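Hello,

Here is the structure we discussed. Please open it and follow along with the notes below.

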Amino acid sequence: MSGHSFQIEINMDQMKHQLHKVPFAAVFLDKEGKVVEANSILLQATGHTYEGIKEKNFYDLFVVKENFSFWLDYCNSESDSMPRGLLRLHSGETCMCDLIICSDNNQEIARHCFLLPTIQQAPAQSLWTNFYTQVVKDANLGIIILDEYARIAEISETACRILGVEKQYVINQMIEDAIPGMKENQGFISSAVLKGVSVSDKAYSWFNGNQRIELIVDSDVLRDANGQIKGGYYIFKDVTNMHSLADKIERSDRLAMIGQIAAGTAHEIRNPLTSINGFLQMMRKSLAEAGMEKEKGYTDIMLVEIKRINDLVSEFLLLSKQKEIQYKLVDIEQVCMEILPIVENEALLRGVEVVMEKRSSLPMIMGDSELLKQVFLNITKNGIEAMGGRGILTVRIFHTGSHVEITISDTGQGIPPYLADKIFEPFFTTKEEGTGLGLPVCQKIIHDMGGSIRVSSKGYGTTFHILLPSC
């Protein structure tokens with residue numbers, strides 16, 4: 001070791017991982033001086049894109065007269081002071097910087113890491129430097145800074161996560177090239193901001209693969225001391241969870257309203273139903289004795305419909321019985337095993353196979369075993385019916401973190417994405433004879449026990465995920 005140059009063994013994968021964590025500019029060169037890797041701070045300083053800098057070599061980055069090997073030997077001989085270099089910027093300007101050089105000791109594949117500790121942020125970017133330092137690093141916000149040519153000058157880690165990109169690949173890139181799908185007529189980031197087209201608290205939906213992310217976006221221009229536009233910025237916040245919470249509150253309010261109506265009118269409905277049902281039973285008997293089978297068939301139909309009305313009222317009433325949950329320690333495995341014969345009988349009649357998977361040492365949960373049985377029976381029945389005569393219904397129980405999770409999966413046709421958000425809404429149903437209250441009731445029961453329920457479908461098959469807090 002001499003001066004500020006070091007001989008080390010360098011693992012390429014580790015190098016690439018660490019290079020982008022260095023808090024100042026850094027570049028990796030091969031034995032010929034060609035660029036192998038560079039971090040985003042160097043890209044910001046030079047103005048190169050990640051793809052563009054890979055085509056550069058030592059002489060494109062530094063102002064030197066000697067060849068690469070001679071210059072390295074010179075740096076190694078500097079024992080009293082840190083080597084310095086003149087960095088070339090994409091604009092044609094230069095910037096003096098200190099250098100720390102780390103070289104491996106393999107002469108065949110020699111590589112050299114150049115660290116530029118004096119370049120901790122891009123030069124000539126004072127317009128947004130303080131803004132970035134104070135806000136971008138501390139706030140959980142997606143932030144993108146555009147230069148006057150609509151190239152990405154800076155991007156926060158939160159923005160990278162939301163948009164599904166890596167920082168080094170997008171720095172100094174045009175928006176359309178850097179972020180797939182971010183076309184001016186589709187995305188929410190465009191060069192229009194540089195023309196003064198700004199937004200405030202604008203709601204957008206962004207798809208990162210199959211994940212839908214709800215965003216609130218603000219944007220505006222950045223001006224220099226003379227009032228000239230020198231760039232623009234976008235700030236956005238992931239509010240997906242807030243939207244989900246608002247939907248749950250709205251759905252809960254609707255269920256509560258239905259429950260209140262049911263509690264106030266149930267007896268007004270059931271009293272006449274009881275009378276009608278009783279007289280129809282007598283009429284049915286009289287018609288049967290008189291041999292009037294056709295007319296007797298009419299009474300059978302009416303009795304079935306009355307039962308449907310009565311069942312609907314019962315489901316209404318369940319919505320209003322929030323305080324009637326009998327909380328006690330519940331063994332989920334035992335609950336599932338108790339209803340398994342019922343589920344298997346229903347499945348057998350429809351040509352469906354039932355598979356039960358569980359892990360040992362499941363913790364207890366606090367809840368109402370009878371209401372949980374109702375939830376599991378309702379969802380398993382839906383799954384069996386959805387398979388149309390053949391398939392596999394799989395019930396899994398396992399411990400995850402502080403919850404017990406129960407998943408109920410079928411191999412049916414699945415739920416279309418445009419319907420997935422509606423299945424828990426009261427009165428929404430795809431069944432000809434469904435009431436549309438089964439799943440909302442299930443959701444209310446699970447929520448009242450402090451748990452959550454959601455559905456996922458990949459175009460074939462549907463899985464219900466039920467999470468309940470463990471004790």
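**The largest cavity**

α12 (332-349), α13 (369-386) and β17 (403-410) each contribute at least two residues to the lining of the largest cavity. Helices (H or I, at least four residues) and strands (E, at least two) are DSSP runs, numbered from the N terminus. This is a predicted model: local features need pLDDT of at least 70, side-chain atom pairs count only at pLDDT 80 or more, and totals for chains, interfaces and linings use all residues. Residues are numbered from 1 along each chain as its sequence is written, and side-chain values use heavy atoms, with hydrogens and water left out.

A cavity is a set of points, on a 1 Å grid over the protein atoms alone, where a 1.4 Å probe fits but cannot get out; lining residues have an atom within 4 Å of a point. The count comes to one cavity of 30 Å³ or more. Its volume is about 80 Å³, taken as the space filled by probe spheres set on the points, which are joined across faces, edges and corners.

α12 gives the most to the lining, with four residues. Among the lining residues are Cys336, Met356, Phe376, Thr380 and Ile408. The lining divides into nine nonpolar residues, one polar and no charged. Nonpolar covers Ala, Val, Leu, Ile, Met, Phe, Trp, Tyr, Cys and Pro; charged covers Asp, Glu, Lys and Arg; the others, Gly among them, are polar.

**A loop residue to look at**

Ala150 sits in the loop between β8 (142-147) and β9 (152-155). Its phi is near 65°, a positive value in a residue other than glycine. Ala150 is buried, at 5% relative accessible area (buried means under 20%, exposed over 50%, partly exposed in between; 1.4 Å probe, protein chains only).

Best wishes

Technical notes: 1 Å grid on protein atoms, 1.4 Å probe; cavity = no way out; pocket = protein on both sides within 12 Å on 5 of 7 lines; lining within 4 Å.
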